[in-house]
Amino acid sequence: MKRTTYAGLVDEQYIGQTVMLAGWVQKRRNFGDLVFIDLRDREGIVQLTFSAANQEALNVAQGARNEYVLAIEGEVVARADGQENKKIKSGGIEVKVTKAEILAEAKTPVFDIEDGVNAGEELKLQYRYLDLRRPEMQKNLRVRSKIMASATHFMDQNDFINIETPYLSKSTPEGARDYLVPSRVYPGSFYALPQSPQLFKQLLMGAGFDRYFQIARCFRDEDLRGDRQPEFTQLDMETSFMSATEIQELVGRWVQQIMKDVVDFDLKLEDITRLTWQESMDRFGTDKPDLRIAYEIQDLSETVKYSDFGVFANAVKDGGVVKAIAVPGGADHYSRKDIDKLGQYIERFGAKGLAWMKVTDDGLNGPIAKFFADEVGEAILAASGAKSGDLLLFGAGRADVVAASLDYLRRQTATDLDLVDQENPWRFAWIVDWPLFEYSEDFDRWIAAHHPFTMPNEEDLHYLDEGEDPHKAHAQSYDLVLNGYELGSGSIRIHRTDIQEKMLKALGFTKESANEAFGFLLEGMEYGFPPMGGIALGLDRLAMLLAGQDNIREVIAFPKNSKATEPMTEAPTPVAGAQLLELGLEVPASAENK
RNA sequence: GGUCGCAUGGUCUAGCUGGUUAGGACGCCUGCCUGUCACGCAGGAGAUCACGGGUUCGAACCCCGUUGUGACCGCCA
């Protein structure tokens, strides 16, 4: 029997036709001399009927079990009145089976093959091939596939050249921890898997390709999160001779095309909000704001500077800030206990506690309201724009702690109160004008906020000069944010040796250490690099958002769990001693049983 | 590296303040059934309550540790 169509595609148009189908048994309903089987393939489900009119087929049906692989031939017939199933696409018809064959028997699956969370994450990953049978997972991976096709098509149409860069490359300082690959030919030496194709795409610009594009796998040996896997995929591009705004316009059209192709959403370029990094931090407490939430953070530092409430007054006196969000309608929604829970949560950001007040018709309410029964209270209401029924949540202290806390509280309360705008489901933003450096407490020095090849703003170039304060410089870098997720990060690159040298010096490199690390790039630059810039968009995150998922595992066929292992293959595993020997490696006994 | 949570038949889970025949749903097996689509009915099998130790007359339950796992903080140029 040769398949003529997909089970999920059979509909009224096929009535009267003989079809041959193959797929998995989703469900068998046995009535003795009448058996129904829901046959599932990648396109969906169709109901098969087996009756005594075809005893042989009936026998096959009675022996079939869930997840058996079946091939059938049958006639598509309209269902009798009242027997339609409106829940499935093919519910108006069914297939009267004349021939049936079991292609493969199947063990009872360890969990039900159906949508909705019905098994633990570990089990689903261990039996990933079963999990992937679920319609939702099939849809997720097809969304991902569509994004890749759309992205590639757009790039091709716009004269970008798809060029692959190496996976076996060189470990470079700065950035994330590298995944290392030992060299057999040179024992004791290692390749590194790329954290991104950054340096190679700059060299490709240097080579004159002008427009480069790649769907590139990247590797970073850092701990995982819901939106972070150790290997992930970037939609990576780079162009020559374009300004930051020109690149953003191009990327905007790229994303516009993807949104149209994948979720049929008409993104207007003017709807991509532009915020400076500082503005985003001030208004939302984060560099990746979720603009679907209307309420913003208000700075009340000046308002409460001389307040009777010591916590606020002292926070400002000690160089910190006092900020707040007014959660619309939050007063009635949250009990004191609920608020305590929120307060407990933000302790992980370093917050000492959560000050709050409820706004009622009779004024401010709550344990600290007594300090604000005066004009300061009035001023808080005025400055925060809080109305009766709102819940005021405060952050007081170090600016970064307050920002992280209020960012969390803003997103959490919006979720709790259903205040995430569903009318405008896709809110993109460009975050521009980033600091060039950020201070690393771990390394006790300034490190590149984006990467060491990011071009400073022209007017800030002098900050890199001797005797000036480099960390005042801002960068020609830009992040694309969607619904509170960082989708991608890009910048204009340094293409001139003199600037690059100053930059590396500011980062603490000597001439020698810089040459050792990126000598090939620095030398290449001396042979004439064009001005260039680009961006890399996180395919996994984009696919996650467009598929409506909240973890990138759901859009990766074989992902790692939160401990960076893969329950199905059990990777990583120890290897044979002979393999190590060949590579000139030795694993200390102390590390072996971990 | 850290914080918090979770671990009970194949799966999802209930199990309160320590004494239960460890309950339910789905699944599985057997039988019956010609219009189901969450099929139904009758019967049945299936549990090292993650592991180790402790407290107690008595532990799925309390305590300590271990392991696994999830979320988060650190980390992620």
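A residue is near a molecule or strand if one of its heavy atoms lies within 4 Å of it. Keep that in mind for the exercises.

This is a predicted model, in which local features need pLDDT of at least 70 and side-chain atom pairs count only at pLDDT 80 or more, while totals for chains, interfaces and linings use all residues. Residues are numbered from 1 along each chain as its sequence is written, chains are lettered from A and ligands numbered from 1 in the order in which they are written, and side-chain values use heavy atoms, with hydrogens and water left out.

**Exercise 1. Work out which residues surround RNA strand B and what kinds they are.**

Step 1: Start with the count. RNA strand B has 52 residues around it, and the closest are Glu-94, Gly-175, Arg-348, Ala-448 and His-450.

Step 2: Sort them by class. Ala, Val, Leu, Ile, Met, Phe, Trp, Tyr, Cys and Pro count as nonpolar, Asp, Glu, Lys and Arg as charged, and the others, Gly among them, as polar. That gives 21 charged, 19 polar and 12 nonpolar residues.

Step 3: Look at the RNA side. Of the RNA atoms within 4 Å of the protein, 57% belong to sugar or phosphate, and the rest belong to bases.

**Exercise 2. Describe the open sheet and its edges.**

Step 1: Strands (E, at least two residues) and helices (H or I, at least four) are DSSP runs, numbered from the N terminus. Two strands pair if DSSP finds at least two bridges between them.

Step 2: Read the order. The sheet has 8 strands, E6-E9-E10-E22-E21-E20-E17-E11, with mixed pairing. Strand E6 (161-162) and strand E11 (273-276) are at the edges with a single partner strand each, so one side of each has no neighbour in the sheet.

Step 3: Strand E17 (residues 428-435) and strand E20 (residues 474-482) are antiparallel over 7 bridges, and Ile-431 sits opposite Asp-479 in E20.

**Exercise 3. Is strand E22 enclosed or open, and which strands does E22 pair with?**

Step 1: Check burial (buried is under 20% relative accessible area, exposed over 50%, partly exposed in between, with a 1.4 Å probe and protein chains only). In E22 (residues 532-538), 7 of the 7 residues are buried, so this strand is largely enclosed by the rest of the structure.

Step 2: Take each face. Met-532, Gly-534, Ala-536 and Gly-538 are buried on one side, and Gly-533, Ile-535 and Leu-537 on the other.

Step 3: Find the partners. Strand E10 (residues 231-240) runs antiparallel to E22 with 7 bridges, and Gln-234 faces Gly-538. Strand E21 (residues 485-493) is also antiparallel to E22, joined by 6 bridges, with Ser-489 opposite Ala-536.
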